[in-house]
Amino acid sequence: MYPAGHFLLAAVPLTVYTVARWRRLPSGPVVLLLLVATQLPDVIDKPLAWTFAILPSGRMLAHSLVVSLPVLTVVVLLAARRGYGQYGMVFSAGYLSHIAGDFYPIVRLGMEYYFFPNLFWPLLAANPDRTPSFAAHSPDSLLSLAVPLIVFGVAVSYSLVTVYRSDKRVTVEIPLR
């Protein structure tokens, strides 16, 4: 799944929920946090695997539930303790949606999915990438980059505009209930 797909997989349900519950769009900081959270597993794993050859797979360390669930639990608990629990929940949901987006073939293939062991690394030995490079995973044409660039441009622009227009007012976000 490409970056825009990861973002939309989390942003669409969040937007629908926020509009249905509070009759407004998610705030800029929430959208920006979601944008970061949905990209973070790839930002960690891909360079470690494909650029520095530290990991055998670009879906391993940050994509592992064994590693990410304890880390996200700590993030949510620390955020809640400081009064930012809603941000911790949004971050965790965005991060986990990335993992779901990468491992959805498990629903159909189960343990036969090639990357299944990577989801539970280090408990299971991870399968290496078949094509470990950024070039092998790049889009076929420049036109196919149009939609991801537009999606990211709109998300970042919306976030920056709402943060700028907030006049440093603290906005109430999604409460934990």
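Reader: Is Leu-35 buried or exposed?
Author: This is a predicted model, and in it Leu-35 is found in helix H2. The relative accessible area of Leu-35 is 9%. The cut-off for a buried residue is under 20%. By that cut-off Leu-35 is therefore buried.

Reader: How many Å apart in space are Leu-35 and Ala-10, C-alpha to C-alpha?
Author: In sequence, Leu-35 and Ala-10 are 25 residues apart. Ala-10 of H1 and Leu-35 of H2 are both among the residues where these helices meet. From C-alpha to C-alpha, the distance in space is 8.8 Å.

Reader: Which residues of H2 meet H1?
Author: On the H1 side, the residues are Pro-3, His-6, Phe-7, Ala-10, Ala-11 and Leu-14. The residues of this contact divide into 9 nonpolar, 3 polar and 1 charged. On the H2 side, they are Val-30, Val-31, Leu-34, Leu-35, Thr-38, Gln-39 and Asp-42.

Reader: Is H1 parallel, antiparallel, perpendicular or oblique to H2?
Author: The axes of H1 and H2, the latter spanning residues 28-51, are 9 Å apart and form an angle of about 140°. Angles over 145 degrees count as roughly antiparallel and those from 65 to 115 as roughly perpendicular, so an angle between these ranges falls in the remaining class. H1 is therefore oblique to H2.

Reader: Is the crossing of H1 and H2 left-handed or right-handed?
Author: Two packed helices are described by the angle between their axes and the distance between the axes. Here these are about 140° and 9 Å. The hand is a further description, and H1 passes H2 in a crossing that is right-handed.

Reader: At what angle do the axes of H1 and H4 cross?
Author: H1 covers residues 3-22 and H4 covers residues 85-103. Their axes come within 9 Å. The angle makes H1 oblique to H4, and the crossing is right-handed. The value of the angle is roughly 125°.

Reader: How many charged residues does the contact of H1 with H4 have?
Author: H1 contributes His-6, Leu-9 and Ala-10, while H4 contributes Gly-94, Ser-97, His-98, Gly-101 and Asp-102. Asp counts as charged, and Gly counts as polar. The contact divides into 2 nonpolar and 5 polar residues, and the number of charged residues is 1.

Reader: Which residues does Gly-88 touch, leaving out those up to four places away in sequence?
Author: Gly-88 has its place in helix H4. Gly-88 is buried, with a relative accessible area of 3%. Val-75 is 13 residues from Gly-88 in sequence and 6.1 Å from it in space, C-alpha to C-alpha. The residues that Gly-88 touches are Val-76 and Ala-79.

Reader: What percentage of the span of residues 87-107 is helix?
Author: An unreviewed UniProt entry annotates residues 60-80, 87-107 and 142-161 as "transmembrane region". In the model, the end C-alpha atoms of residues 60-80 lie 28 Å apart, and that span is 76% helix and 0% strand. For residues 87-107 the end C-alpha atoms lie 29 Å apart. This span is 0% strand, and its helix share is 95%.

Reader: Where does Pro-122, joined to Trp-121 by a cis peptide bond, lie?
Author: Most peptide bonds are trans. The bond that joins Trp-121 and Pro-122 is cis, with omega about 10°. Pro-122 lies in the loop between helix H5 (105-109) and helix H6 (146-165).

Reader: What is phi of Arg-23?
Author: Most residues other than glycine have a negative phi. Arg-23 is found in the loop between H1 and H2, and Arg-23 is exposed, with a relative accessible area of 68%. Its phi is positive, near 60°.

Reader: Is Ala-53 buried or exposed?
Author: Ala-53 lies in the loop between H2 and helix H3 (65-81). Phi of Ala-53 is positive, near 55°. The cut-off for an exposed residue is over 50%. At 62% relative accessibility, Ala-53 is therefore exposed.

Reader: How many helices are there in the protein chain?
Author: Buried residues make up 38% of the 177 residues in the protein chain. From the N terminus on, the elements run α-α-α-α-α-α. There are 0 strands, and the number of helices is 6.

Terms used
Residues are numbered from 1 along each chain as its sequence is written. This is a predicted model: local features need pLDDT of at least 70, side-chain atom pairs count only at pLDDT 80 or more; totals for chains, interfaces and linings use all residues. Side-chain values use heavy atoms; hydrogens and water are left out. Axes are lines fitted to C-alpha atoms, for helices over the stretch in contact, and angles run from 0 to 180 degrees between N-to-C directions. Helices (H or I, at least four residues) and strands (E, at least two) are DSSP runs, numbered from the N terminus. Angles under 35 degrees count as roughly parallel, over 145 as roughly antiparallel, 65 to 115 as roughly perpendicular and the rest as oblique. A crossing is left-handed if the near helix is turned anticlockwise from the far one by less than a right angle, and right-handed if clockwise. Contact means heavy atoms within 4.5 Å. UniProt positions are given in the numbering used here, feature names are shortened, and annotations may be inferred rather than shown by experiment. Buried means under 20% relative accessible area, exposed over 50%, partly exposed in between (1.4 Å probe, protein chains only).
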